[in-house]
Amino acid sequence: MTKPPKPKPLLQDTDKPVRSRPRKPRDPAQPNLLLDPMPNRIEPCLAVLKARPPKGDDWVYEIKWDGYRLSVHIEPTRIRILTRGGHDWTDRFPAIKQAALWLPVGTAILDGEAVVLDEQGRSDFGLLQQSLGGRGGKKSSSDAIFMAFDLLYFDGHDLRGSEHDMRRHLLEDLVPAREQGDIRLSEEIEADGDQLLASACEHGLEGIIAKRRDAPYRSGRLGDWLKIKCVQSDSFVIVGFERSTVARAGIGRLLLAARKGKELVYVGGVGTGFKESTAWQLRSMMDKIKRKTPAIKYVGRRKNVVWLQPTLIAEIEYRAWTDDGKLRHSSYKGLREVQDNAEVYEVV
């Protein structure tokens, strides 16, 4: 179970009918109300990776969620759910769409993450992918929930120029803390950054996010938001695989590459983290994109290696880098969607 059961009517006030909260109508006759045009799409603010949390009262903290970055647009006549790359995935998250319809607001844009929670309440990227039918799948997810962590537009007002604390105050009014619906608040945590990171890692979470209190919402990776991870996790291109007679789906190891300028460079491989179903699905996809020569400069054993077109992007967990630029203690998490606009790791 990823979500707690909804309260049954017998447990509610029997004198009142059971109904959702209505959307708040706008009063068109309200005088002197200056309205901002609603953006069709907003490029997301992205977090800069740091090794340690920042110090000082200028920063607030949240848990880092492991899912798909989305924006939920509540518009006068419809709901739109957009991926980070601007693709419309409204139909793939029907429960989130319905929850957005119930929010007591006329128009809004919420920034957040679609996640599926495991039995311990931790976001699990693999479970999210399974709920959507895998990479390239077309399934709708009834298990995914939306963790809202910012409010960019609210009832006719563009909030991007407002400081974080102001946007957060309005978000908490719209999505109250501790509610367990399909749209939930990503709660801020008052704590020392180092202690919070240690606790997050102890509980098996991906890491934490630090946000500057007085910063406006700025698209791109400009340092207003920072991410501090317990375990490194980045996206890499799959450029080949080693065959195996004993491994699942015959995949002994995936060969991975990162970007360096306009080229791809080999960064090692990954041979763990595959589940039976995902391994066979991955093998089916790789068999369709074989090529005769490698897309990278490769020095190593070539026996039983199958080279691939560099079109599949995998999310990989790892602990560190070797001195010669290879991943250490890597584990496969899943494939990234093209629509997710995943950034392939850039070698400096």
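**Cysteines, a helix, aromatic rings and sheets**

Cysteine 45 is buried, with a relative accessible area of 3%; here buried means under 20% relative accessible area, exposed over 50% and partly exposed in between, computed with a 1.4 Å probe on protein chains only. The structure is a predicted model, in which local features need pLDDT of at least 70 and side-chain atom pairs count only at pLDDT 80 or more, while totals for chains, interfaces and linings use all residues. Residues are numbered from 1 along each chain as its sequence is written, and side-chain values use heavy atoms, with hydrogens and water left out.

Two other cysteines are joined. A disulfide is a covalent bond between the sulfur atoms of two cysteines, and the criterion applied is a pair of cysteine sulfur atoms within 2.5 Å. By this rule the count is one disulfide. Cysteine 201 and cysteine 230 form the bond, with their sulfur atoms 2.1 Å apart. The torsion about their S-S bond is about -95°, so the disulfide is left-handed. Cysteine 201 belongs to helix H4 (residues 193-202), whereas cysteine 230 lies in the loop between strand S10 (225-229) and strand S11 (232-243), so the pair ties together parts that are 29 residues apart in sequence. Helices (H or I, at least four residues) and strands (E, at least two) are DSSP runs, numbered from the N terminus. Cysteine 201 is partly exposed, at a relative accessible area of 33%, and cysteine 230 is partly exposed as well, at 23%.

Attention now turns to a helix. The buried residues of helix H3 (residues 164-174) are His164, Arg167, Arg168, Leu170, Leu171 and Leu174. They cover an arc of only 165° around the axis, which puts them on the same side of H3; the arc is that of the directions from the helix axis to the C-beta atoms. An α-helix has 3.6 residues a turn, so residues three or four places apart point the same way. Among the elements that cover the buried residues of H3 are strand S2 (59-63), strand S5 (108-115) and strand S9 (207-212).

Strands S2 and S9 also belong to an open sheet of four strands, in the order S1-S10-S9-S2 and with mixed pairing. Strand S1 (48-49) and S2 stand at the edges, each with a single partner strand, so one side of each is left without a neighbour in the sheet. Two strands pair if DSSP finds at least two bridges between them. S2 and S9 run antiparallel and are joined by five bridges, and tyrosine 61 stands opposite alanine 210 in S9.

Another strand pairing involves S18 (residues 331-335): four of its five residues are buried, so S18 is largely enclosed by the rest of the structure. Strand S15 (residues 305-318) pairs with S18 in the antiparallel sense over four bridges.

The aromatic residues remain. Rings of Phe, Tyr and Trp (its six-membered ring) pair if their centres lie within 6.5 Å; planes under 30 degrees apart count as stacked, over 60 as edge-to-face and the rest as tilted. The structure holds 11 aromatic pairs. The rings of tyrosine 68 and phenylalanine 125 have their centres 5.8 Å apart and their planes at 85°, so this pair is edge-to-face. Tyrosine 68 is buried, with a relative accessible area of 1%, and phenylalanine 125 is buried, with a relative accessible area of 1%. Tyr68, Trp89, Phe93 and Phe125 form one aromatic cluster.

Terms used:
Contact = heavy atoms within 4.5 Å.
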